[in-house]
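Below is a short report on one protein chain. The sequence and coordinates come before the discussion.

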Amino acid sequence: MDKTLERQLKRLFGSLENVSPQCQGLISVVNQTYKDFQNEYKLIERALDISSVELNEVNQRLRHEIKIENQLTDKLKKETVIIEEIVQTRTKELIIERVKLEKIAQNMKTGAVLVNNQGEVIFLNGQARMFIHFFNDDYAGSLVKLYEVFPNYPIEEYVTRSLAGEILDLDDVQENDSIYQILFQPMFDDSNPAGSLVWIDNVTEEKQLERSKSELVVVASHQLRTPLTVTKGNTEILLDQSYGTLTAEQKIIIEQTHESNEKMITLVNQMLDIAKIEQKEFSFQLTDIQVATILEQVIKDLSSVAEEKNVQIEYKPNPDALPVIKGNSFRLYQVFQNLIDNAIKYSRSGDCQLKIIITTVVSDTSISITISDEGIGIPPSEQNKIFTRFYRASNAETSFIDGTGLGLHIVKSIIESSGGTINFVSEENKGTIFTIEFPIQ
Ligand code: ADP
């Protein structure tokens, strides 16, 4: 029996024996109720214990989180202060840089005009103001002034095209005894055209210097021509043996002199041509000419050189008569001579005989001549440079093949001055194919 119920019954009845038997049923029900109550009480107590532990834990966790949050807030505040300081310093630095850049731009020897994509000038440096004689405080009207200062050149068209994204260049702009070079550079904002920067350079001094250098080359080359021609004539007479039979040794020495003299003549002639190209005075008369006749003459003249190098020239004359083109026989001879001589020169001499194939193809509008060889080829990374004067590909240099790097520059000028084009494809150690194309009148 439950102890509390027992105590209460003893207090009421003195002892448990005094409790009447009729009450026993009731007492056992009450006793059961007490037991149930106590069990429930224990359960509630345990539940309370558990929830108070949990509450405590939650409380602690919350406190910890609040602490961390406070720490983070403090850190954030400190970082914000640091960032603000950095931003301020950087802004100051940028302002200083901008001022510096503006000073540099203002005092540059090159004139700079910055145009936005609405076609308005938003910056004009001191030199540009001098070039276009514009000294107003605001830039309104400065672009029109730029067009007026160079009336004979398409400045307005080039500004418009460069605003659309094209890089353009006007070389040799001549105005009032001065020579300018003008570059039109598009500006981009996230790859969208955002304006154009026009750079104007006064290159009068450089051009004059270039001109006097070219003049010096022309004079020196002319002076060299006479003694070289005399040496050529004399060595030829001696080799002819008209003045007596030569010993084998004498013949070798004179042949070497003749060969070196020939190289000097070629070099002097090339220097003269280059000087004329630079002075924009490289012009020649164009008449009706027969390509095949000139080509066949060059092949004939170079056949002994090819034979010496164990190279076979295969030329299949076109079965149809070739139409005439407008050109200059002497200059076209020079073109074929240079290209076929290169094809022979850059063929590797070895045991097996290499081939040079020359063909002519006629279409309704043009004649194309191809010269293909099985030589050393041109390395891909150097192919865009071989028409530049004095440029020789690295494999030509390392193969110790003689050359000046001037021939192709002259060849290109001759072909373009005759209205034609020159292209090539080449594979290193496989060969090169040059194709020249002339329009038919
Ligand atoms: P070069 O006197 O050096 O031959 P060119 O102007 O005629 O001068 O040619 C320029 C360069 O182009 C050469 O030095 C050579 O590197 C390369 N080249 C020209 N033709 C050929 C060819 N047929 N095969 C390989 N390389 C060539």
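## Overall dimensions

The model is predicted. The protein contains 11 helices and 12 strands. Its radius of gyration is 49 Å, whereas the globule rule gives 22 Å for 441 residues, so the protein is more spread out than a compact globule. The C-alpha trace spans about 175 × 70 × 50 Å along the principal axes.

Strand 3 (residues 168–175) and strand 4 (residues 178–189) run antiparallel and are joined by six bridges. Within this pairing, L168 is opposite F184 of strand 4.

Two residues lie between the strands of the hairpin, and N176 has a positive phi near 45°.

## Packing of helices 8 and 9

Helix 8 (residues 291–308) packs on helix 9 (residues 329–345) at an angle of about 40°, and the axes are 9 Å apart. Angles under 35 degrees would count as roughly parallel, so at this angle helix 8 is oblique to helix 9. The crossing of helix 8 past helix 9 is right-handed.

On the helix 8 side, the contact is made by V291, I294, L295, Q297, V298, I299, D301, L302, V305 and A306. Helix 9 contributes S329, L332, Y333, F336, Q337, I340, D341 and I344. By class, the residues of this contact comprise 13 nonpolar, three polar and two charged. Among them, D301 belongs to helix 8 and D341 to helix 9.

Notes:
Residues are numbered from 1 along each chain as its sequence is written. This is a predicted model: local features need pLDDT of at least 70, side-chain atom pairs count only at pLDDT 80 or more; totals for chains, interfaces and linings use all residues. Side-chain values use heavy atoms; hydrogens and water are left out. Two strands pair if DSSP finds at least two bridges between them. Helices (H or I, at least four residues) and strands (E, at least two) are DSSP runs, numbered from the N terminus. Axes are lines fitted to C-alpha atoms, for helices over the stretch in contact, and angles run from 0 to 180 degrees between N-to-C directions. Angles under 35 degrees count as roughly parallel, over 145 as roughly antiparallel, 65 to 115 as roughly perpendicular and the rest as oblique. A crossing is left-handed if the near helix is turned anticlockwise from the far one by less than a right angle, and right-handed if clockwise. Contact means heavy atoms within 4.5 Å. Ala, Val, Leu, Ile, Met, Phe, Trp, Tyr, Cys and Pro count as nonpolar, Asp, Glu, Lys and Arg as charged, and the others, Gly among them, as polar. The radius of gyration is taken over C-alpha atoms; the globule rule is 2.2 Å times the number of residues to the power 0.38.
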